Amino acid sequence: MRLRNRFALFFVTFAVAVSAFQGWLNYSASRLALEDEIDRKLLDLAGVVGRVAIPNDDILVTLRDGDQDDIEAWTDYQNILLRLRADGHVDEADLFRWTPGDTASVLVSAAPQDSYFIGEPLDWQVNEEPTLAAALEHGSATSAQPSRGSDGRMYKRGVVRLDGSGEVFLGVLMPVDYLEPLSALGWSVVAVTAAAGLLAALVGWGLAGGIASRLEVLSRGALRIQRGAMDRPFDLGGEDEIGRLARAMDRMRTGIRHRDEQLRLMLSRVAHEIRNPLGGLELFAAAAQDTEDPGERHRILERVRQEVVGLNEIIDEFLGFARPGRTEPELHDIRESVGEAAALAEAELEEKGGTLHVEFPRRPLLGIADPLQVKRLVLNLLRNASQAGDRVWLEGAMVNGEVRLSVRDNGAGIPEELRERIFEPFVGNKAKGAGLGLAIVKEMVESNHGRVELVTAAEEKDGRGLGAEFHVYLNGPEDLPGDSARWMGAQEEEAT
């Protein structure tokens, strides 16, 4: 289901449910209130008539068939009931005798049809047995539900047991026209619910349309990125979630584009860096094949071996940039990893007649970093420095809670135009290498939540270049491990 349809369905369902529930509550409350008011009015009227207008119920108990022609009280009672009907208070009024299990018989009646005679059964007793039983028990009662009369109107009956008698009752029938406005209220609820559903559908459709159209822009942009067209930015604006998503996708587009450019550049550099040694290898192989002199063949094969070693170094450099490896930081003495890197770099420097000066404190340099990556990044810095000059300085210190590693050389330094881009891939001024060493260093340092900075570049003193100096900062521990004093002491003993 489309997003617009989902929004519209949700809004319609919510609006209809709320409107219908609220309407049902209002309808039910109104109906109960009106029914209670009608019942109270019905019982009040029957009670007043029974207690005030017909007080002498002893005569009613003794009435028999035919007494209506001889007893003056019967005529008075009927006139009271007829006047009650004529005033419009009720539609029927009956005085009757009833005992449980017996048939209710008329004593005095004022009904729309021909008047009942004494002793005749009531025609409405069958439908009002529960009302009669309730009136006998509680003194008064009304019909549980209204009933429809022959004229189409709704009526309710009230029954009052007369004071002093256990078998004489007064029953009145009153129209209850409150159902008509209730019916109108019910239809109003239906209309309001339908209108709320329609309005909710329009609001949901419009709201979903705005969201869906912006998401469609993002979807088309993602498809463009998938096809490799990454020049068009995501420009949706807004500070809502979709706007932030668009900006995040635009940063992703920029990152992918940058990474794609780096990949293309890396591939071209790989082809260039490998093609040159391969050309030399081809020439050396041909020369070795043509010569008959064993010494010359040995010299040529040694050159071939050196070219293969150079190729391996180039491939390792590219692989190190493309696959930096998994970072597993741990608290350890940074001097251990740096010492291993320094030993390798010192051997390489001595072969070229250079020197490495190492200065580290006797106390442990506790840092949180991956030991293998610390070794690799320091070795890269030292090799870069050894290619720039013949003297290299390596220092370590604790500065403001961080481990600082410094590598400096006495070479020509970094040219002014390269200082801002020196940590970018394939940027450098060395004849050898692919220009990835410092980019790899930066990537490994940042993966360990540290930072690397170029401090000195091509500064002059007495006309001689001071070379370049790089500082690497690694996180130090906020809290030392348990029993830290003994741990530090053990490290210092081992260092001495």
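The legends below describe the whole chain and then several close-up views of a predicted model.

Residues are numbered from 1 along each chain as its sequence is written. Because the model is predicted, local features need pLDDT of at least 70 and side-chain atom pairs count only at pLDDT 80 or more, whereas totals for chains, interfaces and linings use all residues, and side-chain values use heavy atoms, with hydrogens and water left out.

**Figure 1. Overview of the chain, with 11 helices and 15 strands.** Helices (H or I, at least four residues) and strands (E, at least two) are DSSP runs, numbered from the N terminus. Of the 496 residues, 39% count as buried, a term that means under 20% relative accessible area, with exposed over 50% and partly exposed in between (1.4 Å probe, protein chains only). Among contacts (heavy atoms within 4.5 Å) between residues at least 6 apart in sequence, 65% join residues at least 24 apart.

**Figure 2. Strand E10 and its partners E8 and E11.** Strands pair if DSSP finds at least two bridges between them. Strand E10 (residues 391-399) is parallel to strand E8 (residues 355-359), with five bridges; Leu356 has Val392 in E10 as its bridge partner. With strand E11 (residues 402-409), E10 runs antiparallel over eight bridges, and Met398 stands opposite Val403 in E11. Two residues lie between E10 and E11 in this hairpin, and Asn400 in the turn has a positive phi of about 50°.

Figure 3. Buried residues of H9 include Gln373, Leu377, Leu381 and Ala385. At the start of the helix, a side-chain oxygen of Asp370 comes to within 3.0 Å of the backbone nitrogen of Leu372. Asn448 is found in the loop between helix H10 (437-447) and strand E12 (451-457). Asn448 is buried because its relative accessible area is 1%. Its side chain makes a polar contact of 2.8 Å with that of Gln373; such a contact is a pair of N or O atoms within 3.5 Å, and within protein one must be able to donate a hydrogen and the other to accept it, while residues adjacent in sequence count only if both atoms are side-chain atoms.

**Figure 4. The aromatic pair of Phe96 and Phe169, one of four in the whole structure.** The ring centres are 5.7 Å apart and the planes lie at 15°, so the pair is stacked. Phe96 in strand E1 (residues 92-97) and Phe169 in strand E6 (residues 168-175) are 73 residues apart. Phe96 is buried at 0% relative accessibility, and Phe169 is buried with a relative accessible area of 0%. Rings of Phe, Tyr and Trp (its six-membered ring) pair if their centres lie within 6.5 Å; planes under 30 degrees apart count as stacked, over 60 as edge-to-face and the rest as tilted. Ring pairs link Phe96, Trp98, Trp124 and Phe169 into a cluster.
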